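Subject: Structure for you to look at

Hello,

The structure we talked about is below. Please open it first, then read the notes that follow.

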Amino acid sequence: MATSAKVVEILSSEEIRRTLNRLASQIVERTRDLSQLVLLGIYTRGALLAELLARQIETLEGVAVSVGALDITFYRDDLDQIGLRTPAKSEIPFDLTGKTVVLVDDVIFKGRTIRAALNAVNEYGRPEVIRLAVLVDRGHRELPIHPDFIGKQLPTAKEEIVKVFLQDSDGRDAVELIGD
C-alpha cells in the first residue's frame, strides 16, 4: 500500500511578499552604495526572486538595481548525483568588478549550488563583496557557506523536500515542505 507524501505550507503568498520586503530592506541597509549593487539570481527560481527583490528595492529607494541571472550547471561538483540538466544561459550583461554582488537563491541546503555560483561569478569580474540572500535556509550544510540574508529558517529532515512556487513560473506563490 503506497502512502502519499504529507505537504505542509510553510509560507503563503502574503508571507512570501512580506519576506521579500524584509529581505529587500536588509539588503539596502547593508549596501553602502546602491548604485554599485547587483542582484544575481541562480536559475531558476533564484533568478525570479532577484527580479522581485530588485523591484522592491526600487519601490523602497527609487534606485534601479542591476539584475542578472546565473546558470551554475557546469560549475557543479555533483552532476553525477543530480542527473542530467539542460543548462540555461547566464545573463550578466555587465562587469562585476568592484560591485556589491548579492547572489539570490530560493533554498539553501547542502551549499553546493552556492559554491558553484561563487566559481561562476569569477567569470564575470572580481566583485568588491559577494553576499548571499535565500528565501529558505533548511540547514544540513556540507560546506562552510552561510547566507547573509535569510527569509525563513526551516529545520528539516534530510529526506524532506522544500518546494518553492512563484507566480511567474508556477502560477502561484507558496513554499511547501513535503515529507512522509
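**Strand E8 and the sheets**

Strand E8 (residues 174-179) is mostly covered, with five of its six residues buried. Buried means under 20% relative accessible area, exposed means over 50%, and partly exposed lies in between (1.4 Å probe, protein chains only). Strands (E, at least two residues) and helices (H or I, at least four) are DSSP runs numbered from the N terminus.

Two remarks on the source. This is a predicted model, in which local features need pLDDT of at least 70 and side-chain atom pairs count only at pLDDT 80 or more, while totals for chains, interfaces and linings use all residues. Residues are numbered from 1 along each chain as its sequence is written, and side-chain values use heavy atoms, with hydrogens and water left out.

Which strands pair with E8? Strand E1 (residues 6-11) pairs with E8 in the antiparallel sense over five bridges, and strand E7 (residues 161-165) is also joined to E8 by five bridges, running antiparallel. Two strands count as paired if DSSP finds at least two bridges between them.

Together the three strands form an open antiparallel sheet in the order E1-E8-E7. E1 and E7 are its edge strands, each pairing on one side only. Neighbouring strands are turned by 25 degrees against each other on average, direction ignored. Helix H1 packs on this sheet and touches E1, E7 and E8; the direction of H1 makes about 40 degrees with that of E1. Contact means heavy atoms within 4.5 Å. Axes are lines fitted to C-alpha atoms, for helices over the stretch in contact, and angles run from 0 to 180 degrees between N-to-C directions.

Gly 179 is found in strand E8. Why is Gly 179 called buried? Gly 179 counts as buried because its relative accessibility is 12%. Leaving out residues up to four places away in sequence, Gly 179 touches Ala 5, Lys 6 and Glu 160. The C-alpha atoms of Gly 179 and Glu 159 are 7.3 Å apart, although 20 residues separate them along the chain.

There is also an open sheet of five strands with parallel pairing, in the order E3-E2-E4-E5-E6. Its edge strands are E3 (66-70) and E6 (149-153). From one strand to the next the twist averages 20 degrees. Strand E2 (residues 37-42) pairs with E3 over five bridges, and Ile 42 stands opposite Leu 70 there. H1 lies across E2, E4, E5 and E6, at about 150 degrees to E6. Helix H4 (residues 112-121) lies across E2, E3, E4 and E5, at about 155 degrees to E4.

**The second largest pocket**

The second largest pocket holds about 230 Å³ of space. A pocket is an open set of points on a 1 Å grid over the protein atoms alone, where a 1.4 Å probe fits, with protein on both sides within 12 Å along at least five of seven lines; lining residues have an atom within 4 Å of a point. H1 gives the most to this lining, with five residues. The lining residues include Ser 13, Arg 55 and Asp 173.

Regards

Note on methods. Points joined across faces, edges and corners; volume = space filled by probe spheres on them.
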